[in-house]
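Here is a quick tour for anyone meeting this protein for the first time. Take a look at the model, then read on.

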Amino acid sequence: MATESLPGAIRVSRDWLDRIARNSPARLALLVFAGIIAVETVLLSLPAATASGERAPFVDALFTATSAVCVTGLVTVDTATYWSGFGQAVILVGIQIGGLGVMTLASILGLAVSRRIGLTQRMLTAVETKTTRLGEVGSLIRAVIIASLVVEGILTLVLVPRFLVHGETFGQAVWHGLFMALSIFNNAGFVVINGGLTQFVGDWWLGLPIVIGTFIGAIGFPVILNVSRLWRTPGKWSLHAKLTVLTSALLAAGSTVAIGLFEWTNPDTFGRLTFGDKILASLVHGMTPRSSGLSTVDVGQMRESTWFLTDALMFVGGGSASTAGGIKVSTLAVLVLAIVAEARGDRDIEAYGRRIGSSTVRLAVSVAFIGSTLVGVATLLLLMLTDMRLDVILFEVISAFATCGLSTGITPELPDGAKYVLTGLMFAGRTGTMTVAAALALRERRRVIRMPNERPIIG
């Protein structure tokens, strides 16, 4: 009898999820993430979660839980030594749930938007995404989970033998390989290896998986799905996939070259390395600002020019509906295309034979402005709460907003008030731009009467 009622229960649950996603996507996102963070905080507050057997301070438990679920990687205590095996497992579960939740929830919000923005827009969306039905949420979630597990499994199989070669026991190698695989793909930035990753600065066997895994995790599930279906015919990729892949590749290549040049002679970072090690370090640190937050050299010893460039890269982040944070590369691409079209005097904003509507440009401007505002307000608050320099505060704030996790090392030294500010910023950075984008798109409406057009002076 219970078995017979199961399909009905699933159908009711699916309808309930569809209704919430359609009517209040922002509330759904906030509730889901807040609930998971609350559970993680309670578990990390247990004595069994710490290596010492003592309860972790509430601020550290909350900060770590938020950092894990929001796949950020900023920490107030050392993950490898402070937390017990149970505590690390709790963090790993938070990373996995957070990573899957980001991609799944963002995709659901995208479907909700496509359902509500009008018939013409929905028809165009159907061409791009091959679906406009919220009833396909179940299939979407399954595809996200399968794709994630496949990539994470491959990364684990690649990393475990390397840790075995470094003298670890089989159990340690499997644990470190699994943890790092999930941390890399989900762009989480957590490390459970004693001594961190600086000891592997010249290890290509570990460095390349970080680069490739970060890129795949940050590209976004809609792009992964679109490219996997049409990998033989790139010309048929959706406009979103084309813009995301191209912009991501240009940012990765440009940042790799720039960071390599900035740090090449820095004796505290790249200067002491061999030529091959410098190339690998450049690749890793050209990719990790996209959101993974993993570093093989001491970020606190980098030059200020590198910090400034990293600030910009972290703020942009990765692809939409990905594990990466930031305002997203598609937002940057749309803004650049709008500037180019305005400079040329073009009436329409076009790319790859498609026209980008003014509503998309307005949405991109809104997301960028909201992100800048969050960063500005949080920076001011931390400057008030601490006596630290602007450059290190700004780096930490952008890293929290973009859920990146790169740090100059000041997070553990911050007062509790500043830690709470960064906790809120990580939450806002993970859910804020996603939910705001959905909310603004869902508010699009047609007006019968339009006011006369007049242009104020700009610039």
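Is Val257 buried or exposed? With a relative accessibility of 52%, Val257 counts as exposed, since exposed means over 50% relative accessible area, buried means under 20%, and partly exposed is in between (1.4 Å probe, protein chains only). Val257 sits in helix 11, which covers residues 239-263. Its C-alpha atom is 7.6 Å from that of Gly286, a residue 29 places away along the chain.

## Before you dig in

What you see is a predicted model: local features need pLDDT of at least 70, side-chain atom pairs count only at pLDDT 80 or more, and totals for chains, interfaces and linings use all residues. Residues are numbered from 1 along each chain as its sequence is written, and side-chain values use heavy atoms, with hydrogens and water left out.

## The big picture

The protein has 17 helices and two strands. Both kinds of element are DSSP runs numbered from the N terminus: helices are H or I with at least four residues, strands are E with at least two. Of the 459 residues in the protein, 50% are buried.

Contacts here mean heavy atoms within 4.5 Å. Among the protein's contacts with a separation of 6 or more, 72% join residues 24 or more positions apart.

## What's inside

A nonpolar core is a set of buried Ala, Val, Leu, Ile, Met, Phe, Trp, Tyr and Cys residues joined through side-chain atoms within 4.5 Å. The largest one has 37 residues, and Met314, Leu382, Val397, Phe401, Leu422 and Leu425 have the most contacts inside it. Helix 13 (304-316), helix 15 (358-385), helix 16 (390-401) and helix 17 (416-442) each put in at least two residues. Helix 16 gives this core its largest share, seven residues. A separate core of 23 residues includes Leu44, Ala49, Phe179 and Ala188.

Back to Leu382: setting aside neighbours within four places in sequence, Leu382 touches Ile393, Val397, Leu414, Ala418, Val421 and Leu422. Leu382 is also one of the buried residues of helix 15, along with Val361, Ala364, Val367, Ala368, Gly371, Val375, Ala378 and Thr379. Helix 15 has 28 residues and reaches 41 Å from first C-alpha to last, close to the 40 Å expected at 1.5 Å a residue (the expected span is 1.5 Å times one less than the number of residues).

Ile146, Val150, Ile154, Val158, Val165 and Trp205 make a nonpolar surface patch of about 530 Å². Helix 7 (residues 137-165) supplies the largest share of the patch, five residues.

Most residues other than glycine have a negative phi. Lys328 is not a glycine, but has a positive phi of about 90 degrees. Lys328 lies in the loop between helix 13 and helix 14 (329-344), and counts as buried at 12% relative accessibility.

Tyr352, also not a glycine, has a positive phi of about 50 degrees. You'll find Tyr352 in the loop between strand 1 (349-351) and strand 2 (354-356), where Tyr352 counts as partly exposed at 44% relative accessibility.

How values were computed
Patch = residues over 30% accessible without salt bridge, like charges linked within 9 Å, V, L, I, M, F, W, Y side chains within 5 Å. Areas by Shrake-Rupley, 256 points an atom, 1.4 Å probe, with all protein chains shown as cover. Salt bridge = Lys/Arg side-chain N within 4 Å of Asp/Glu carboxyl O.
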